[in-house]
Amino acid sequence: MQAFTTHKGIVAPLDRSNVDTDAIIPKQYLKSVKRTGFGPTAFDDWRYLDPGEPGMDHSQRRKNPDFVLNQEPFDRASILLARENFGCGSSREHAVWALTDFGFRAVIAPSFADIFFNNSFKNGLLPIALKEEEVDAIFKAVAANPGLELEIDLPNQVVKAPDGTEYGFEIDSFRKHCLVEGLDDIALTLEHADKIKAYETAQMQKTPWLFNDLRGNAG
Amino acid sequence: MAGKTLYEKLFDAHVVHEQDDGTALLYIDRHLVHEVTSPQAFEGLRLAGRKPWRTGAMLAVPDHNVPTTNRAGGITDPVSREQVSTLDRNCQEFGVQEFPMADLRQGIVHIIGPEEGFTLPGATVVCGDSHTSTHGAIGALAFGIGTSEVEHVMATQTLLQKRAKTLQVRVDGELGPGVTAKDVVLAIIGKIGTAGGTGYAIEFAGSAIESLSIEGRMSVCNMSIEAGARAGMVAVDEKTIEYFRDKPFAPQGEMFERAAEYWRTLKSDPDAQFDKVVTLDGSKIEPQVSWGTSPEMVVPVNGQVPDPAAEADPVKAEGMRNALKYMGLEANTPISDIQIDKVFIGSCTNARIEDLRAAAAAIKGGHVADNVTLAMVVPGSGLVREQAEKEGLDKVFLDAGFEWREPGCSMCLAMNADRLEPGERCASTSNRNFEGRQGQGGRTHLVSPAMAAAAAVAGHFVDVRQA
Ligand code: SF4
């Protein structure tokens, strides 16, 4: 996983609440069996005027000029700014892959849906929850100065604006550690393999019906 | 010391290891797999040279992409076909039990789990799918995960989890006639909002919830995620236990009795403390219809489309205006004046046998209205379909002008050929009315199966209690 320490980049304002993962990446693209290539179809229904299908050359499609990510300089943004409950709905990790493939490294919003929040950390995308007033202040700052860059300092848990304003944010210490170090969760967990086996041995006595060989049951 | 909530009991029973910061390694008993969110996880295992920890805990099924007509010829869309055959290949390679498309037991992953007795009370259940919360209805701790976590569970049989806060949603009183589990959950989401449950595990309780069948409780828990909660659950009672008698993968005979004894402990202690409690009066809940593009945008069938001008919060009002524009609706329109083009009865929310019975009963000898171009019934599994045919429900639907399809997710998310065209309006028993969910530009109204069937006959929404 790509590590995250500090990052500075342009902020794209997506002034909507309840941005769901169906909107971030529509279902037709979920047919892919890969983890990459979702960037050109991120926010597909909002971004293009014509309907999209997998396998198309998306650079040839008609873009919606009103959509923020089609506008200069937001087409080069690496920080996404949105309203409350970002990433709600479907568990599709493709939504995170679409954002990272577009070039986003962080999303700032007042709140996030749980599964999306979790998925982000697995892919080096940092979800930052700030207070509603703070998010609002950043929306205003970006409106006054499109192209504004924010600097994110994960080790110190702070977002810095060019005018010197600093926004502190909370993050779970274990998640921060994994992100800063770019650690692979599975390898970390497998260090506890003995404990997992011991748990299984104990449970086989307590709830043996959960340990039947399922293939043997019910032809 | 206060007692424990059901959530805490389930969580505590599965902790393998806990770090000082409260991050726990949680053991996963049951892992359901479908074709959309698993290919990258299997690929990850392969690249890392890892094997699944315990294939006996896994059950796979293709459901999102499968066609609901003409199955004999296979899948025509090459991209969908590739995804389904990738699942078949992965299951063979890694030795995972699968119900492939041609198996009678194939169906929507959240329908077949309980139907087979694969998901059981007291188990931790995960799937790369947000509606995994469905299985909480049987007193399981069940929640959706992303693909990286799917890979993590495959490789380690565990997940890293922090304890969620606990929310009890109590629905007391008696539900009126014609008011179903779907109306209850829509009313709950209308009350607490789509982020009302974020960070919480919900336990649904109260006499109205207890009065629901196990299948009804599944419809309620299914939509926990629409209220923002990853997990929703209902305590085990005798109905739960009877539900599992003689299910293929459930324990049998003496082992069943032993399991049942344990399952009876799966309820919140009387003195358990919840972080938050929300109450609703079940007797006041009416049949619900969603009007907007978020499941919280819902009103009783006798109500009207709300007016953004009356909303004090400017962000909310803007959201309402966007939704009205997308839905092609005017504020203050009576819900019963809204004409529909299509009807979809199906999905993991409402495609179990009781749902189909309720829909068939609501037709009352009528016929699909002329302005409705397609009314389809998509059973949740091959076994549901078979049962419905035994009861003659297929004939009821067909005679009334409905289409009777093969099982799958179908127009719940329109990954296969079943979809809305831009601007089409649908009465749907599914769980999400997001923009484009049922097809780009499509307009979804969430309702119960009986309400959907009655709307198909009337051509517009009607109160099923008067229809
Ligand atoms: S029926 Fe709909 S909500 Fe349920 S698993 Fe399928 S796509 Fe998801």
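Modeller: With contacts. A contact means heavy atoms within 4.5 Å. Keep in mind that this is a predicted model.

Colleague: Among contacts in chain B between residues at least 6 apart in sequence, what percentage join residues at least 24 apart?

Modeller: In chain B, 76% of the contacts between residues at least 6 apart in sequence link residues at least 24 apart.

Colleague: How many helices and strands does chain B have?

Modeller: Chain B has 15 helices and 19 strands. Its radius of gyration is 21 Å, close to the 23 Å from the globule rule for 467 residues, so chain B is as compact as a globular protein of that length. Along the principal axes, its C-alpha atoms fill a box of roughly 55 × 55 × 45 Å.

Colleague: What share of chain B is buried?

Modeller: Buried means under 20% relative accessible area. Of the 467 residues in chain B, 66% are buried. The chain exposes about 15100 Å², and carbon and sulfur atoms supply 50% of that area.

Colleague: Now pockets. What is the general idea?

Modeller: Rolling a probe the size of a water molecule over the atoms shows where empty space is left. Here, the second largest pocket holds about 990 Å³ of space.

Colleague: Which residues lie nearest the centre of the second largest pocket?

Modeller: Ser17(A), Asn18(A), Glu296(B), Met297(B) and Gly319(B), out of 46 lining residues. Helix H5 (132–144) of chain A gives two or more residues to the lining, as do helix H6 (181–192) and helix H11 (314–327) of chain B. H11(B) supplies the largest share, eight residues.

Colleague: And by class?

Modeller: The lining of this pocket has 19 nonpolar, twelve polar and 15 charged residues.

Methods:
Residues numbered from 1 in each chain as written. Chains lettered and ligands numbered in written order. Predicted model: local features only at pLDDT ≥ 70, side-chain atom pairs only at ≥ 80, totals over all residues. Heavy atoms only, no water. 1 Å grid on protein atoms, 1.4 Å probe; cavity = no way out; pocket = protein on both sides within 12 Å on 5 of 7 lines; lining within 4 Å. Points joined across faces, edges and corners; volume = space filled by probe spheres on them. Helix = DSSP H or I, 4+ residues; strand = E, 2+ residues; numbered from the N terminus. Nonpolar A, V, L, I, M, F, W, Y, C, P; charged D, E, K, R; others polar. Rg over C-alpha atoms; globule rule 2.2 N^0.38 Å. Buried < 20%, exposed > 50% of the residue type's maximum accessible area, 1.4 Å probe, protein only. Areas by Shrake-Rupley, 256 points an atom, 1.4 Å probe, with all protein chains shown as cover.
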